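Here is a walk through one protein model, from its sheet to its ring pairs and its charged contacts. Keep the structure open while reading.

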Amino acid sequence: MIQPKEKPDTPYVYVLGTAQDAGYPQANCEKECCQRVYENPELEIYTSSIAVVDPISKEQWIFDATPNFREQLKLLNNQTGLDGALPTGVFLTHAHIGHYTGLMHLGREVIGAKEVPVFAMPKMKSFLETNGPWSQLVTLNNIDLKSMEADKVVQLNERVSITPFLVPHRDEYSETVGYKIEIPNKSFVFIPDINKWQVWDRSIAKLIKEVDYALLDATFYADGEIPGRAMSEIPHPFVQESMELFADLSAEDKSKVYFIHMNHTNPMLIEGSPAQKEVQEKG
């Protein structure tokens, strides 16, 4: 992965945000976790999203169109120097608010884009085609929906390939996918949302061993993080559970893991917090 202002001459992944769907701070949160950000706006963190950049072809693909799409597109264009450029394509994971609602910026009220490719699984594609206001993006040709199949490679060019894979999640409106991203000499997995690791039909530990970077769901740090609400209703893997599961991985494999999609309550968002230190100490 690339830090801001580094500009390699071969394809790379650029992180655009690491917070849960609602960003950080979150609306109507009066607790210390968010008040600290209102008082110090530089601590704001955008909703989880990444971009794959190919500086050779001057192409850039965004993964998930978040509520911070405006800011993240500007961040990306500042990084690449492609001022005013739209994404070469957008890959969606599922139909929860932090992952597709940024598409609204492509519509007639804002950019009025022309046929921006949007890659989606069958239920996600149908959801966008049959529900307003998203269907208007289709009928006005602001977006051009591209169908994907689970475990089928999408070859973007000779250097970049993308493979979606199904993951278990609250699929009220669409299926949910993660992505394997392959660029020259590097591979990544991007899983911003998933239910508990043990309900998946694949081994996340095995997958980590097979790639160079793993960007994984870290919505909540530990049980009890949201007082008064049953955490079983939102069964993401707690970071503490993930670390326990990854305990037997080699130091090299542990270092591949980057936690993303953190809820505003997650203490890992606070620089220097005990939670953040624990994650780092455990490799």
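Two strands pair if DSSP finds at least two bridges between them. The model is predicted. In this model, six strands form an open sheet, in the order E7-E8-E9-E10-E11-E12. The pairing is mixed.

Which strands stand at the edges? They are strand E7 (154–155) and strand E12 (257–260). Each has a single partner strand, so one side of each is left without a neighbour in the sheet. Further in, E10 pairs with strand E11 (residues 213–217). The sense is parallel, over four bridges. Look at Ile 191: its bridge partner in E11 is Leu 216.

Now the rings. A pair of aromatic rings is described by the distance of the centres and the angle of the planes. The model has 12 aromatic pairs. Take Phe 63 and Phe 190: their ring centres are 6.4 Å apart and their planes stand at 80 degrees. Angles over 60 degrees count as edge-to-face, so this pair is edge-to-face. The pair links distant parts of the chain. Phe 63 sits in strand E3 (residues 59–63), and Phe 190 sits in strand E10 (residues 186–191). They are 127 residues apart. Both Phe 63 and Phe 190 are buried.

Tyr 100 and Phe 127 make another such pair. Their ring centres lie 5.6 Å apart with the planes at 90 degrees, so this pair is edge-to-face. Here the link runs between helices: Tyr 100 is in helix H3 (residues 97–100) and Phe 127 is in helix H4 (residues 122–130). The two residues are 27 residues apart. Tyr 100 has 8%, so Tyr 100 is buried. Phe 127 has 10%, so Phe 127 is buried.

Together with Phe 91, Phe 119 and Tyr 179, they form one aromatic cluster.

Next come the charges. Lys 196 lies over the face of Phe 238, at 3.5 Å from the ring centre. Lys 196 also forms a salt bridge with Glu 241, the closest N and O atoms being 2.9 Å apart. Glu 241 lies in helix H7 (residues 239–245), while Lys 196 is in the loop between E10 and helix H6 (204–210), so the pair ties together parts that are 45 residues apart in sequence.

How many salt bridges does the model have? The count comes to 11 salt bridges. One of them joins the side chains of Glu 210 and Lys 206, at 2.6 Å from N to O. Both residues lie in helix H6, four residues apart, about one turn of the helix. Glu 210 is partly exposed, with 42% relative accessibility.

Lys 146 and Asp 144 also meet through their side chains in a salt bridge, at 3.0 Å from N to O. Lys 146 is partly exposed at 32% relative accessible area. Asp 144 is partly exposed too, at 28%. Finally, Asp 54, Glu 158 and Arg 159 are linked in a network of salt bridges.

Methods
Residues numbered from 1 in each chain as written. Predicted model: local features only at pLDDT ≥ 70, side-chain atom pairs only at ≥ 80, totals over all residues. Heavy atoms only, no water. Phe/Tyr/Trp six-rings, centres within 6.5 Å; stacked < 30°, edge-to-face > 60°. Buried < 20%, exposed > 50% of the residue type's maximum accessible area, 1.4 Å probe, protein only. Lys NZ or Arg CZ within 6 Å of the ring centre and 35° of its normal. Salt bridge = Lys/Arg side-chain N within 4 Å of Asp/Glu carboxyl O.
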